[in-house]
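Biologist: I'm new to this structure and would rather get to know one part well than skim the whole thing. Could you pick a helix and walk me through it, along with whatever lies around it?

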Amino acid sequence: MSGSGTRPQVGMVLPTQTTEEVRAGRAEVAVLPVGSFEQHGAFLPLATDTVIAGTIAGEIAAAYPVLHLPPVTISCSHEHAAWPGTISLSAATLYAVVRDIADSLRRSGIRGLILVNGHGGNYVLRNIVQESAGGDFGMALFPGSADWDAARTRAGVHTPSNSDMHAGELEASVLLHAHPELVRPGHETSDWISDERKHLLTLGMSAYTESGVIGRPSRASAHKGKELLAGLVDSFAEYLSLVGGEKEA
């Protein structure tokens with residue numbers, strides 16, 4: 001039951017497969033959404049990155065024979081610490097969590113793991129995948145910048161990725177399509193551009209935005225969100241092939 005003045009906690013649907021369904025599916029590759037719990041302005045929830053990563057993973061699982069894992073919901077959001085509600089893990093902790101999940105999957109017979117990352121600050125995920133190269137357990141990080149670029153073009157997202165950095169056209173569009181109940185009023189009037197962010201890692205987001213937004217959420221639409229997801233699902237095939245799986249006929 002929601003407390004006074006709060007909104008219902010509605011979001012992505014978690015994986016619901018049973019042990020027998022996993023056994024029957026014989027997936028060789030798992031997908032792990034990695035999100036965050038950080039500010040996204042006044043109109044998107046703290047769990048935005050987790051909802052988006054989980055939504056992408058859900059769309060992938062509907063199209064490909066993969067083991068769909070529940071998300072990692074807190075990660076490396078230190079640059080957003082100036083805003084209340086933001087929670088972070090250290091890079092070392094996130095590294096250990098993902099490595100432990102990968103090791104557990106290997107022991108269960110899974111051949112590879114694809115990390116579906118929803119937060120740009122999770123730099124350590126690149127190192128985890130890098131360290132797996134040439135080993136007997138394949139790993140990949142998805143989506144890459146080229147995948148996002150292709151999806152943006154397909155969807156007609158015109159704000160450049162550098163300008164649409166946080167709580168902008170892309171993120172608002174995905175939520176407007178997949179979870180419109182999570183988008184509060186205000187995205188139509190919250191545009192803020194700050195392309196020069198030379199010292200972001202040192203100073204944090206608050207040095208470049210008062211609202212927490214860097215982007216043009218006013219341009220967001222549900223149609224763009226639908227096409228963004230469709231484009232990413234198409235791009236995923238290459239990654240699945242790399243780590244040992246094939247698309248369903």
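Modeller: Let's take helix 3, which runs over residues 91–107. Keep in mind that this is a predicted model. Helix 3 has 17 residues, and from its first C-alpha to its last it reaches 24 Å, close to the 24 Å expected at 1.5 Å a residue.

Now, which residues of helix 3 are buried? They are Leu94, Val98, Arg99, Ala102 and Leu105. Down the axis of helix 3, these buried residues fall within an arc of 125 degrees, so they line one face of the helix. The spacing has a simple background: an α-helix has 3.6 residues a turn, so residues three or four places apart point the same way. Over on the other side of helix 3, you'll find Ala92, Asp100 and Arg107 exposed.

And what covers the buried residues? The cover includes strand 1 (29–34), strand 2 (67–68), strand 3 (112–117), helix 4 (124–132) and strand 4 (138–142). Just after helix 3 comes glycine 109, with a positive phi of about 105 degrees.

Two parts of that cover lead on to other places. Start with strand 4, which is part of what covers helix 3. Buried means under 20% relative accessible area, and phenylalanine 142, at 0%, counts as buried. Phenylalanine 236 is buried too, with a relative accessible area of 0%. The structure holds three aromatic pairs, and ring pairs link Tyr64, Phe142, Phe236 and Tyr239 into a cluster.

Then there's helix 4, also part of the cover of helix 3. Helix 4 turns up again at the largest pocket, where helix 2 (48–63), helix 4, helix 5 (145–155) and helix 6 (169–178) each supply at least two residues of the lining. The largest share, four residues, comes from helix 5. In total, 32 residues line this pocket, and His119, Gly120, Gly121, Trp148 and Met165 lie nearest its centre. As for its volume, the largest pocket comes out at about 1,000 Å³.

Conventions. Residues numbered from 1 in each chain as written. Predicted model: local features only at pLDDT ≥ 70, side-chain atom pairs only at ≥ 80, totals over all residues. Heavy atoms only, no water. Expected span 1.5 Å × (residues − 1). Buried < 20%, exposed > 50% of the residue type's maximum accessible area, 1.4 Å probe, protein only. Arc of directions from axis to C-beta. Contact = heavy atoms within 4.5 Å. Phe/Tyr/Trp six-rings, centres within 6.5 Å; stacked < 30°, edge-to-face > 60°. 1 Å grid on protein atoms, 1.4 Å probe; cavity = no way out; pocket = protein on both sides within 12 Å on 5 of 7 lines; lining within 4 Å. Points joined across faces, edges and corners; volume = space filled by probe spheres on them.
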